[in-house]
Amino acid sequence: MTKQILSRRSFLQASVAAGGGLMLGFHMPVALAASIGPRPQSTTTAVGTEINAWIVIDKDGTVTLRIPHTEMGQGGLTSVALLIAEELNVDWSMIKTEWADANRHLRNNKEYKVMSTHGSQLVRLQHPHLMGAGASARERLKQAAAEAWGVDRSQVEAKLGVLTAGNRTATYGEFAEAAAKVTLDKEPEINTDPAKWWLLGKPRQRLDIPHKVNGSAQYAIDTRIPGMVYAAVKASPVPWGTLKSYNFDAIKDRPGVIAAVPLKAVPGKRGQPDLQDAVAVVADSYYRAKTALELLPVEWEFGDSAKASSEGYFAEGHKLMEQKGLVSGKEDPKAAEIIAASQKVVTGSYQRPFETHARMEPINATVHVQPDRVDVWSPTQDQSAAVLLVADQLKVDPKTVYAHTMFLGGGFGGNGGGGTGVTRQAAEISKQIGKPVKVIWPREEDLAQDKQRPLAVAKLSAALGDDGLPTALFTRAVWFSQDGMNQIGGATADYGIYNIPYKIPHRQHERHNAKTHVPSSTHRAPGANQLGFMAEVFVDEMAIAGGWDPLEWRLKMTEGLDDWQLVLKTLKEKSGFRTDLPKGEGMGVAVVESHGTIAAACATVTVSRRGRLNIEKMLVVLDAGRVINPHTATEQCEGSVCWELSHAWMGGLELANGRFINTNFDTYNLLRIDQIAQVETIFASSGGKKWGGLGEPAGPPAPPAVANAIYYATGKRIRSTPFRSHDLTWADV
Amino acid sequence: MQFTLNVNGKAETVDVEPETPLLWVLRDAIGLTGTKYGCGIARCGACTIHVDGQPTKACQLQASAAVGKKITTIEGLSKDSSHPVQQAWVEIGVPQCGYCQSGQIMSAAALLARRKNPTLPEIEAAMADNLCRCGTYQRIVKAIRRASEIAQA
């Protein structure tokens, strides 16, 4: 029973009972099917007739929607259901949902098209086939009714689960079986015009919330199956070090200890996350496994990687800024020439450290290897990748591997590719021990061995003309990542600098792909999250050097780009941005496009004379084209801002002697409740053909907006993060 | 060692090393997985429970030290998610990934048990140990204020 049956009916009804008038409605839970039981042979709990892979309708009209995507906090479960229900036209309060079956998806040639949930793509890119599934089912129901009633399909109306033609009427349930047999001549078009939506576009409560206030939501780490044992794992503290030896005898008599299992590295390739050299201790409880592991004598060999450090990478990065890199896009030699000859040049060097996902749910996986089948419970953003990953590790047919979808205790880009090497570890250990095993990385292991956000350095130079506006811009950036940012793809590696919209006559951007032994991966808003800071702080430097108000500069430099103008004008109107606040107070702006969405931020800060920073308010204005659920969209913007400010203000994962040294929440600092800003989100939607993402884009403009505000408050220009490492003291002059 | 704990009003007999953190006893021995592991060093609050009504980090409390005390986990906060904090959490739509929310709710419930109308600094002080990576903090503040209203309605 890994299915989670979620019904909106319960809290909607309760909301009426409570008197209404509340933003999203109370809930009084009914029976919640939210436990982990024995592995389901059948992966569906839906009752009724399957119209297509996404939709099951019972005779009584109950509609169950199958959700192929992951719910990691972004509201994806609800978004998928909304997209299908909009076209199917069913009573939103009556729908049920269950997770789609990844094994079926792979067996039937990717039946659900895409199961991965990443890149703010769920609504942005998957809406055509999700809405299409709803539309197709609706038309087949209409066709079935039309045939039974002897009328043309165009005369049948389908609305809120009821079919009507003249004085005839029937529920969807009555024609479900007949509809399942209908083949349409042509699949219907979907309706992408927000003005004609009946369900989408209004704030909707999330389907998962009732499970998340009473402890019943099941995450992979909560998996409990009969006969299960537990493993704690330690990989080489310096990534890619080799395991030389360990002394199991030293711990074998401890209570509950079952075995120590050595794990060998698998060199990483895209889609098959790496397994590092590691040793696992298996016991009958996690506490016993973890305690025994801490006492296990282990010897590693690190090699030259043990010399690496954050400081060393920064020095190397700044050196690379003086060397030619790979040109992104078109080469424009005039950019450098104009700057070399210019009387008025602005230059800034920037750097940002490694950061880590630190999902609240530590990295874990449970795998049960049996002779005829393998079951996987993994906190992955891609169930189908988890199936393939485990099949690859065990060299078994993917058709015999079943991944069970669980709620994720955070995603943020870190759980792609099937759930990282931990899933391989669990598969390997279960195979060797012959029992189901739950592997949990202790938090220290989670922070040290996660796939990190790469350290980055950039240098930007511009020549200014007589009007104070840039005539040329020359930029270089470097990422330190395991395989030169290939893991996040070339395009996004330039996000934030290369894709700035500003009309500068001559531009050239170059990228260095510096290597490190540190495994890296996508992090929320990859590329834009690091480089967007550098570009947008530099924009303020250019604007101020040229005598421009930074917001007016951005408006001027995006003239003719309607959506950028809409976002920036809305920001100007709603923020009351000004540059003449008393010292100690400041406002700052920034705008970054990522995942098809333009996001602008205005930060209001105060800095005390002793240098204490307070971020009073963040206003974010976004153009994602259209917004299907303003409630979850707003949450994502609040969360993205908080995510980026956490890194920019408090963060910084430090590498010394080849290993990360601040690996728990006493030393790797995250934003806490007494440090947050009030985030206000405004959607300035341009409509048109734009379907932008919203899970990530609000984050990248937040740190540069704050840094730019700090400049106005203190006169100090911040070119690196975390802000906490800067002396922000100031005095009246 | 075998001993009996009073968890959510029920006697639970467990057989573990006495120094085992209560967190793992709740999760692995008793099967109450609503209480979460986050850091193991009392710096994230995901394992917050009530011990004799006091908000307590279960990862730092030895199980044997909890004998004779009244332990309440998220599963025991109310029978039907009707505690004012749970109602407010649903109404405001606080959780995103939800992993930290058991701890957040238990900390908030303990705060409201001792302060009917907490001020913002009191809310921040009471909740500062509870990390949320999704950034639900501003909704948590709003929901605690709403819970305070619901409790007094």
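**Conventions.** I number residues from 1 along each chain as its sequence is written, letter chains from A and number ligands from 1 in the order in which they are written. The model is predicted, with local features needing pLDDT of at least 70 and side-chain atom pairs counting only at pLDDT 80 or more, while totals for chains, interfaces and linings use all residues.

**Entry 1, domains of chain A.** I looked up the division of chain A and found domain 1 (6-212), domain 2 (220-303 + 363-440) and domain 3 (310-355 + 452-725); such bounds come from an automatic or database domain assignment. The C-alpha centres of domain 1 and domain 3 of chain A are 39 Å apart. Their contact takes 19 residues from domain 1 of chain A and 19 residues from domain 3 of chain A (contact: C-beta atoms, placed from the backbone, within 7 Å). On the domain 1 side, I noted α2 (76-88) and α4 (122-149) of chain A as the elements giving two or more residues. Of that side, α2(A) gives the most, with four residues. By class, I read seven nonpolar, nine polar and three charged residues there (nonpolar: Ala, Val, Leu, Ile, Met, Phe, Trp, Tyr, Cys and Pro; charged: Asp, Glu, Lys and Arg; polar: the others, Gly among them).

**Entry 2, the five-stranded sheet.** I traced an open sheet in chain A with the order β14-β22-β21-β20-β15 and mixed pairing. Strands (E, at least two residues) and helices (H or I, at least four) are DSSP runs numbered from the N terminus, and two strands pair if DSSP finds at least two bridges between them. β14 (326-328) and β15 (345-352) of chain A are the edge strands, each with a single partner, so one side of each has no neighbour in the sheet. Neighbouring strands are turned by 20° against each other on average, direction ignored. Angles run from 0 to 180 degrees between N-to-C directions, with axes fitted to C-alpha atoms, for helices over the stretch in contact.

I then checked β20 (455-464) and β21 (470-481) of chain A, which run antiparallel and are joined by 10 bridges. A:Leu460 has A:Thr475 in β21(A) as its bridge partner. Helix α7 (310-320) of chain A packs on the sheet, touching β15, β20, β21 and β22 (506-515), and its direction makes about 30° with that of β20(A). Helix α8 (334-341) of chain A touches β15, β20, β21 and β22 as well, at about 115° to the direction of β21(A).

β23 (585-594) and β24 (597-607) of chain A pair in the antiparallel sense over 10 bridges. I found A:Ala601 of β24(A) as the bridge partner of A:Ala590. Two residues lie between the strands, and A:His595 takes a positive phi near 50°.

α16(A) and α17 (702-714) of chain A pack at about 55°, with axes 8 Å apart. I listed A:Val641, A:Glu644, A:Leu645 and A:Ala648 of α16(A) against A:Ala702, A:Pro703 and A:Val706 of α17(A). These divide into six nonpolar, no polar and one charged.

Terms used
Two residues are in contact if their C-beta atoms, placed from the backbone, lie within 7 Å.
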